[in-house]
Each structure stands twice: as structure tokens, then as C-alpha cells.
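Reader: I have a new model to go through. Could you walk me over it?

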Amino acid sequence: MQSLLLQQSHDFPFEKIAAIDLGSNSFHMVVAQVTHGQLRITGQFGDKVQLAAGLHNDDLLDEASQKRGLDCLAQFAQVIDDLPAGAVRIVGTNALRAAKNRYDFILKAMDVISHPVEIIAGREEARLIYVGVSKTMDHGDQKRLVVDIGGGSTEFIIGRGLDPILTESLHMGCVSFRQRFFADGTITKSNFQKAVTAARLELLSIQEDYLGEQWDVSIGSSGTIKAAFNIIKENGWGKKGITPKTLKQLQKEVILAGHADKIDLIGLKPERKSTFAAGLAILTAVFECFEIEQMDFSTGALREGVLYDMMGRYAESDIRERTVNYLVNQYHVDIEQVKLVTQTALSALSQVGEAWQLSNLSSEDMLRWAGLLHEVGIGISHSRYHKHGAYILSESDMPGFSQQEQQALANLVLRHRRKFTQSLEFKFTKRDLEDLDRLAILLRLSHLLHEDRKEGDIPIFNLTAKGKTLHAEFLEGWLDGRPLTVANLQREADYLASSGYKLTFS
């Protein structure tokens, strides 16, 4: 694969970082000290918010669940309120993916905790879980299956070393299954088996692929599997972790209890009782469908994966760079052309970034990636390639990118030519929209300056910005003999005027 040679590498700028996982069942935060490139966990916090329990048939989070979430975040905020921008990453999972009013909750959350909230896709959640597991458990060259049963979804990953091979996220979790099969807390052999059958049906879509890939060891992470592992250990039922035999013992005890409130097992926390039968049914189905004989438990999972991923973003291991590189090569983009456009866009950003308050690292990365990817749709249709490119980016699996980042890139690619007012059906904050407008203008300007596709032709210009006014002053004589560029600049001034921006040039 050809390297793009434009990746930015930065020394890690923080001594203390934090990751927050807004899960469907629980919210968790882990805080770590960074010393010589190594992480040392200094604090772990969590609360059973049960956000997914507030999702009803209308797919709207009710006020009670939102309040529980915000109260939890207020507690987290006390611990990390001194951390600078970029040192905290907050990720939302299945419940927020499903909620139609997720952005209402996110805006409230950002009033409580002054760091951005990202929503990650299911497969991205799976990848981050695998990062957390692989960084905290060493299995050498062995291939492993990792399973993480959450409140609203269950993630499955097969990988070797630090690299995932298969990632999948299925829409089943201990909270959603509790509401579906154990709503009043009653546990019987009948409703337990119905939950197992439902989980097996969900697993059918991936069973063949996963069994075909095979693995050497199986690892579980997070709530349900942690609870099962602890119960087996604390009660002395076995020394090999979770096995079909110890699973049957767990099933027997849970069904014998007859109700969630009556489950009395050493090693099971009281707050886990309400969802344990549902999670156990899913775990049973996983063992049956994947023919698992033994499963270990990993203390590392999503939030640890987020921490390590944050560190990777400041090194050459940033998975997002690999994703962009893959897409450029996959869609046979003219690399020399997109490099020229990207370099010119970054030059423009360096000149007006401070005036337009675009001086943070994420703006630079977003513009650079958009520049490299702006022609991914050109092989489908030249006249509408910006629209095809935006569709490719908005619908592709893009490891490392949150949904907001992915949609922001798609937005920039869609708007890099033709009508400036084009938009995707994705809700951004008012500040994000302003940033995207201004990044789009810089990308548009860079694109039109290179529309003649002359290799090595680098325009020299001074760019100044104030509010919604932008002036480009070119090297004397550069525009002479470039009537296409002059016409494009005049046309661009008309496009931008529709949104209140004024472009002048000389």
C-alpha cells in the first residue's frame, strides 16, 4: 500500500488522561497517568445508569434516564475538571446510537462536563474493546476470540496480537434482553430458554464466518462476563474460568432463585442482579453457537482501549491514518493531486486558523484527511463525484473515527465544490457547523486553485480572514495567464455569498 507521506506525528502532550464510556447499562471512567509513554491507572469510577432502560418504543431517551446519566457525569467532572481539551475522550455506545434524541442529551452532557461527547459505531466499539484487551493481556501469537456483553449490544472480535481480524456488533445486550424476557424480574426455565434462543438467532448472522476463522483462546470482558467469572471463582466452582459446566451451574442457581431480587450468589454485586439472567442467557448462546470450551476474563475493555487509542493518535500508530490511507488506495485516488490540494489547504489554515479559531489539532487533521479523501468518488461519476465521495465516507466502516468525525469528513467532501449550502442529514452543534463551514471554504479554495491538475504548481498567496470576510492576495503576476482560476474564484465568491461569506482576491 502506498504511503501518503502526510501523516503528522506529535509528542504526547498530556501527563494525565481520562476515558469515559457512556454504556447502555453503566457509565465508567478511567483516569491514567502517562509516564515515558506508559499508562498507569490512577482512578476508576462507575455507576449503573441503565441508559438503555430509558429507551422506549419511540426510541427516545426519557427524562429519568437522562437525569441519571447527567448526575453520573457531574460526579466524573469533579475528578477531571482540571484536565485540558484533548486529554479526555468520551464515547457513547449502543443506547446513544439508537436514541433519536441523543444530541439533546449530548448538549446537556457538555454543559456538565466540558469535553466533547462522541458516538462510536458498533464495529468501532468492537475494535476499541480489542485494543483494551490486547494491551492488558499478552497471548503471544495466539489467535483470540474476544466477547463483550454490554447493556444494549454485544461485540465480537477475532484478532492476533494487536490487530483485529474480524469485528462485529450485534444488537443484543443485558438491559435490552432483561426488558424483553425478564421485565418483571421473574426468572423461569422457560423465559430463560427463550432468551437463549433469541440470542442464538442473532448469532446466526456471524456464526459461520467466526467458526471458519477459528481461534486459540477465548476472552470475555466487561459486566456480565466479569460477574460470571467472579461468581465461579468466589464459589470455588472451577479453576478454568468460565466453562460449559460452570455455566450450567450458574443457570441452575439463577433459575432456582426465581426472581432477580432473590439471586444470592457470592461475587455478584447487588446492582448487577437485575440484568444478570439476561446477560447469562446471551453468554450461554455464545458458548453454544461458538462451541466454546473455556473463557478467561480480561480487565481491559472499551475504556482502556480508548486510553491507548488516544495515545496512538499522537504517534505513527494512529489507526485513523491507516484508514485514510486504505481508502485513498482502495478508490484509486490520484495521490499527487490530492497531496497538492491538501498541502495548499493546510497552508491556508496556517494563515487564518487563529483568526477563524481553527488552530486546534483536530481542525488540522480533519482538513488534511478531507483533502486526501476529497476525490474518493471520482471513479464513480466525475460530474457528481463529491456526492458519491460523501456517501462512501458516511456509509463505510472507518476504524478509529467516531460517527461525528466520519460525518464531518463526509460533509467536507460533499461541500468542497459546487453549492456551498449542500449538507448531510446529520446534526452538528452550532460551533461544529461554523468550524465545518470554514474548513470547507479552505478546502474549496485549495481545490479550485488546483483544478487545472498541473503537478508541482504551488500557488503562493497571503490569506487574511475576519469574521465572514476572506481575502486572498496572490504573488504578483501569478493569476496572469490563468483565466480558469480567475473564473473559478469569481464563481466561488458567488457560492459563498449565499451563506453570508465574502471572498475577495487580487
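Reader: The side chain of R313 reaches which backbone oxygen?

Author: Happy to start there, with a note that this is a predicted model, where local features need pLDDT of at least 70, side-chain atom pairs count only at pLDDT 80 or more, and totals for chains, interfaces and linings use all residues. Residues are numbered from 1 along each chain as its sequence is written, and side-chain values use heavy atoms, with hydrogens and water left out. R313 sits in the loop between α10 (302-312) and α11 (319-330), helices being DSSP runs of H or I with at least four residues, numbered from the N terminus. At 2.9 Å, its side chain reaches the backbone oxygen of G400.

Reader: Is R313 buried or exposed?

Author: Buried means under 20% relative accessible area, exposed over 50%, and partly exposed in between, with a 1.4 Å probe and protein chains only. The relative accessible area of R313 is 12%, so R313 is buried.

Reader: How many of the 20 residues of α16 are buried?

Author: Helix α16 covers residues 430-449. The rest of the structure largely encloses α16, because the buried residues number 14 of the 20.

Reader: How far apart do the C-alpha centres of domain 2 and domain 3 lie?

Author: Domain bounds here come from an automatic or database domain assignment. Domain 2 is 138-297 and domain 3 is 318-455. Their C-alpha centres are separated by 41 Å.

Conventions
Helix = DSSP H or I, 4+ residues; strand = E, 2+ residues; numbered from the N terminus. Expected span 1.5 Å × (residues − 1). Polar contact = N/O pair within 3.5 Å; in protein donor to acceptor, adjacent residues only side chain to side chain.
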